[in-house]
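Hi,

Here is the model I promised to pass on. Have a look at it first, and my notes follow below.

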Amino acid sequence: MTKHSATLALDEAVQARRAAGQDVLHLGFGEAGLPVSAGLAEALADAHLRNGYGPVAGSARARAAAAGWFGRRGLATEPEQVLFAPGSKPLLFALLAAIGGDVVLPTPSWVSYAAQAALLGRRVVAVPVPAEAGGVPDPELLEPALCRARAAGARPAVLVLTVPDNPTGTVAPAARVAAVCAIAERHGLAVISDEIYAELSHHGTAPSPARYLPERTVITTGLSKSLALGGWRIGFARTPAGRWGQWLRRELTGIASEIWSSLAAPMQAVAAHALDDPPAVTAHIAAARRLHARVATATHARLLAAGADCRPPQAGFYLYPDLAPAREALRARGVTTGPELATALLDRHGVATLPGSAFGEPTTALTLRLATSLLYGSTPRQRHAALTAAE
Ligand code: PLP
């Protein structure tokens with residue numbers, strides 16, 4: 001049986017507890033939870049009568065806007081390289097399906113990559129990532145892991161990197177990304193670079209693998225996190241220039257044409273507006289970035305004071321504390337695994353978190369992922385005020 005995605009399953013459990021009158025502090029769901037930026041509702045209203053089907057990859061206007069958006073971020077892009085989709089999650093699935101072969105995943109990594117690989121009947125080649133590495137595997141560990149996987153009959157074909165990272169909320173140093181891309185190239189791997197948190201990097205940009213492996217890196221991103229538009233489902237990919245990119249685009253467009261046909265036309269109009277970087281959108285993202293950085297940094301300090309081990313936050317709104325220093329104290333309370341820890345926090349203290357095992361770690365790991373964006377307030381008015389104060 002296919003399991004429900006861990007994050008969505010936890011969110012539903014929390015909503016059920018709340019409906020039953022329980023007070024739950026929900027730190028388990030990757031939702032920015034901020035208001036809609038000025039200008040986007042107008043763009044949507046202007047486009048709401050667009051009810052016809054459109055090109056699978058997206059309208060010429062939306063693709064040109066995305067190409068310009070990448071270009072202003074240092075990656076020259078032709079509109080033909082861009083493909084829109086209803087969120088980056090289906091795009092990732094379509095990419096894994098198109099590229100084929102087994103999937104190399106840093107561990108821990110975002111919940112859906114391994115689940116999608118399993119749905120496609122692919123093996124996962126897991127490569128552990130040291131805590132300070134920003135979600136990108138240690139080059140020293142990657143090469144032997146690939147050789148071992150091949151010897152065991154796997155066909156590693158694609159490496160998924162998340163830059164900046166979820167669950168750790170950190171950003172890999174450029175030198176590490178470059179070294180890992182060089183190994184990917186030597187081993188004939190394609191790279192999927194999930195950059196959905198790149199606009200929320202607290203200290204500037206994040207190093208895209210597309211700079212180091214330009215002809216074999218495809219970027220996925222979207223507006224769910226930077227503009228808190230998860231429910232509007234706007235995702236897009238930048239496929240590489242060159243022959244492999246051309247082949248990939250054909251495959252991807254074929255898959256998209258059989259599954260989602262195109263991103264909803266009004267949402268393409270919203271995307272085209274937002275990706276032109278109008279001042280209101282730029283200011284909204286900058287305020288969100290400041291708010292995420294401030295709350296994650298303050299929460300990080302409290303976690304350290306409470307004895308947890310935790311990397312300082314560098315992007316987005318996640319922290320990934322390790323409670324291993326409290327292992328003995330937790331054992332005395334009957335908690336020996338990560339899932340038990342998350343359950344105890346929810347049942348005994350009304351705090352919802354996800355254990356590291358949801359991200360591919362062993363259940364013995366006492367890591368938790370906390371989404372600090374859920375601390376901005378429980379009502380839309382409070383969350384609006386938190387963003388306004390960060391402007
Ligand atoms: N990639 C990562 C790392 C994420 O955290 C998420 C959402 O939680 C997604 C992709 C999916 O985003 P969407 O499908 O809303 O674009």
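Predicted model: local features only at pLDDT ≥ 70, side-chain atom pairs only at ≥ 80, totals over all residues.

The C-alpha centres of domain 1 and domain 2 sit 25 Å apart. The domain assignment puts residues 6-36 + 280-390 in domain 1 and residues 52-276 in domain 2.

Where the two touch, domain 1 contributes 29 residues and domain 2 contributes 30 residues. Which elements give two or more residues to the domain 1 side of that contact? They are α1 (6-19), α10 (279-305) and β9 (318-319). Of these, α10 gives the most, with eight residues. If you sort the domain 1 side by class, you get 15 nonpolar, nine polar and five charged residues.

The other thing I looked at is a helix pair, α6 (residues 139-151) and α7 (residues 174-186). Their axes are 9 Å apart and the packing angle is about 15°. Angles under 35 degrees count as roughly parallel, so α6 is roughly parallel to α7. The crossing of α6 past α7 is right-handed.

As for who meets whom, α6 brings P139, L142 and E143, and α7 answers with A179, V180 and I183. By class, that contact has five nonpolar residues, one charged residue and no polar ones.

Cheers

Technical notes. Residues numbered from 1 in each chain as written. Axes fitted to C-alpha atoms, helices over the stretch in contact; angles between N-to-C directions. Helix = DSSP H or I, 4+ residues; strand = E, 2+ residues; numbered from the N terminus. Parallel < 35°, antiparallel > 145°, perpendicular 65-115°, else oblique. Left-handed = near helix turned anticlockwise from the far one by under 90°. Contact = placed C-beta atoms within 7 Å. Nonpolar A, V, L, I, M, F, W, Y, C, P; charged D, E, K, R; others polar. Domains from an automatic or database assignment.
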